Amino acid sequence: MSTPVFSVNGLWKVFGPSGTKASRVPTDPELAALPPADLRARTGCTAAVRDVSFDVRKGEVFVVMGLSGSGKSTLVRCLTRLIEPTSGTIAIDGEDVRAMDKSRLRELRRHRAAMVFQHFGLLPHRTVLDNVAYGLEIQGVGRPERRKRAAEVVAKVGLEGMEHRRPSQLSGGQRQRVGLARALAVDPEVLLFDEPFSALDPLIRRDMQEEVVRLHREEGRTMVFITHDLSEALKLGDRIALMRDGAVVQLGTPEEIVASPANDYVREFIRDVPREQVITVRTAMRPATAEEAGNGPAVPPTATVSEAIEAVARAGAPARVVDEGRCVGVVDSEALLGVIANVTDAARVGVAAPRQRGEATPPSADTSEELV
Ligand SMILES: Nc1ncnc2c1ncn2[C@@H]1O[C@H](COP(=O)(O)OP(=O)(O)OP(=O)(O)O)[C@@H](O)[C@H]1O
């Protein structure tokens with residue numbers, strides 16, 4: 001497998017008033033084990049990121065998701081040292097980010113890992129085109145070249161015809177597109193999105209999510225995307241790191257998280273997700289008998305349970321799961337209903353275990369938006 005774009009190991013960020021024990025928290029087993037409220041009471045410190053490790057693979061959309069205050073922004077800002085980590089290691093393409101000097105860091109932020117913020121940070125007196133060209137200007141690209149490249153990205157994000165407007169003459173969604181275009185213009189290896197769409201109304205938000213999916217499909221650019229919205233995470237993420245109190249409680253594909261939640265906290269989090277739209281037949285299938293392997297409609301292993309239900313209902317027979325011309329399993333109506341009801345074989349779809357008493361639960365997730 002190729003070198004990960006980002007590789008993070010044992011990362012901590014502890015905030016605390018100067019002169020406090022912030023830097024000691026990660027290495028002091030007693031302090032490191034304290035629940036957040038106790039740590040604050042004992043030391044005045046907040047462990048915003050607690051011993052987090054993960055890789056961001058080339059070409060994936062890696063979503064960092066969690067409730068407000070769970071540490072998402074701090075974690076992603078640590079990747080380019082917009083916030084200085086307290087301990088742990090971070091590498092980009094194998095290069096140690098914590099060892100970078102000022103000029104190397106500047107290069108990292110300008111060329112390699114561009115950030116798209118929720119508050120777009122546009123320059124009010126500049127036109128759309130000049131705002132988009134701004135990052136290139138900082139890089140020292142000449143005016144004709146940067147205007148040419150800016151015009152290309154403006155078209156790519158659907159803002160053609162608006163090149164000469166100023167930010168005040170744009171809607172929120174259009175401004176967000178300018179922010180996105182500005183980040184894309186510098187052609188970074190990885191785009192970091194900090195809740196870019198949370199201020200947008202739901203329809204515009206959906207447009208922007210589709211824009212990101214489209215851009216990702218067309219360009220295969222690596223993206224790290226922060227959100228507190230579960231449906232957004234499920235829609236955009238190839239993999240999701242679910243955070244709670246600074247720690248990653250589960251890291252997996254949307255399907256892994258929905259089909260096999262790691263603990264009761266995650267289970268509560270995904271409770272209202274329409275399982276049939278996330279879980280695929282690869283998870284729901286069972287081995288086919290010889291007779292089944294030759295009959296019935298065919299679906300690919302990536303088909304969702306929802307899609308398979310349609311095929312089974314139309315044919316009135318179980319569907320064969322066919323991968324590269326080979327029948328790898330079968331899904332019948334019982335198995336498909338079992339996924340929806342979450343009552344099938346625990347080994348297949350991760351049935352909920354009885355809730356432990358005393359475990360905290362998150363508020364129920366908003367799943368009103370359509371999933372992919
Ligand atoms: N500069 C700071 N000084 C002290 N504590 C901080 C600082 N920045 C963040 N925190 C604390 O660290 C924790 C994580 O904050 P962070 O902003 O990373 O969470 P988040 O998941 O991004 O939240 P939101 O979704 O609300 O933006 C919170 O308890 C927050 O109060």
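Biologist: What should I know before I start?

Modeller: This is a predicted model, where local features need pLDDT of at least 70, side-chain atom pairs count only at pLDDT 80 or more, and totals for chains, interfaces and linings use all residues. Residues are numbered from 1 along each chain as its sequence is written.

Biologist: What is the mean pLDDT of the protein chain?

Modeller: pLDDT is the predictor's confidence in each residue, from 0 to 100. The mean for the protein chain is 87, and 91% of its residues reach 70 or more. Over residues 346–372 the pLDDT is below 50. Where pLDDT is low, the predicted coordinates should not be read in detail. For the complex, the predictor gives an ipTM of 0.97 and a pTM of 0.85.

Biologist: Which residues are around the ligand?

Modeller: A residue counts as near a molecule or strand if its C-beta atom, placed from the backbone, lies within 6 Å of it. Here the shell holds Phe 15, Thr 46, Ala 48, Gly 66, Ser 68, Gly 69, Ser 70, Gly 71, Lys 72, Ser 73, Thr 74 and His 228. Now sort them by class. Ala, Val, Leu, Ile, Met, Phe, Trp, Tyr, Cys and Pro count as nonpolar, Asp, Glu, Lys and Arg as charged, and the others, Gly among them, as polar. The shell has two nonpolar, nine polar and one charged residues.

Biologist: Which helix gives the most to the shell around the ligand?

Modeller: Helices (H or I, at least four residues) and strands (E, at least two) are DSSP runs, numbered from the N terminus. Helix 3 gives the most, with three residues. Strand 2 (46–56) and helix 3 (72–79) each supply at least two.

Biologist: How many residues of helix 3 are buried?

Modeller: Count neighbours. A residue is buried if 20 or more other C-beta atoms lie within 10 Å of its own, exposed if 12 or fewer, and partly exposed in between, with C-beta atoms placed from the backbone. Seven of the eight residues of helix 3 are buried, so this helix is largely enclosed by the rest of the structure. Among them are Lys 72, Leu 75 and Arg 77. Just after helix 3, Arg 81 takes a positive phi of about 60°.

Biologist: Where else is phi positive?

Modeller: Asp 51 is partly exposed, with 16 other C-beta atoms within 10 Å. Asp 93 also has a positive phi, of about 50°. Asp 93 lies in the loop between strand 4 (87–92) and strand 5 (95–96).

Biologist: How many residues does the largest nonpolar core have?

Modeller: A nonpolar core is a set of buried Ala, Val, Leu, Ile, Met, Phe, Trp, Tyr and Cys residues joined through C-beta atoms within 7 Å. The largest has 92 residues. Its largest share, six residues, comes from helix 7 (residues 172–185). Val 224 is one of the residues with the most contacts inside this core. Two residues are in contact if their C-beta atoms, placed from the backbone, lie within 7 Å. Beyond its neighbours within four places in sequence, Val 224 touches residues including Val 56, Phe 62 and Leu 192.

Biologist: Which domains does the protein chain have?

Modeller: Domain bounds come from an automatic or database domain assignment. Here it gives domain 1 (55–269) and domain 2 (275–349). Their C-alpha centres lie 36 Å apart. The contact takes five residues from domain 1 and six residues from domain 2. On the domain 1 side, helix 10 (residues 254–259) supplies the largest share, four residues.
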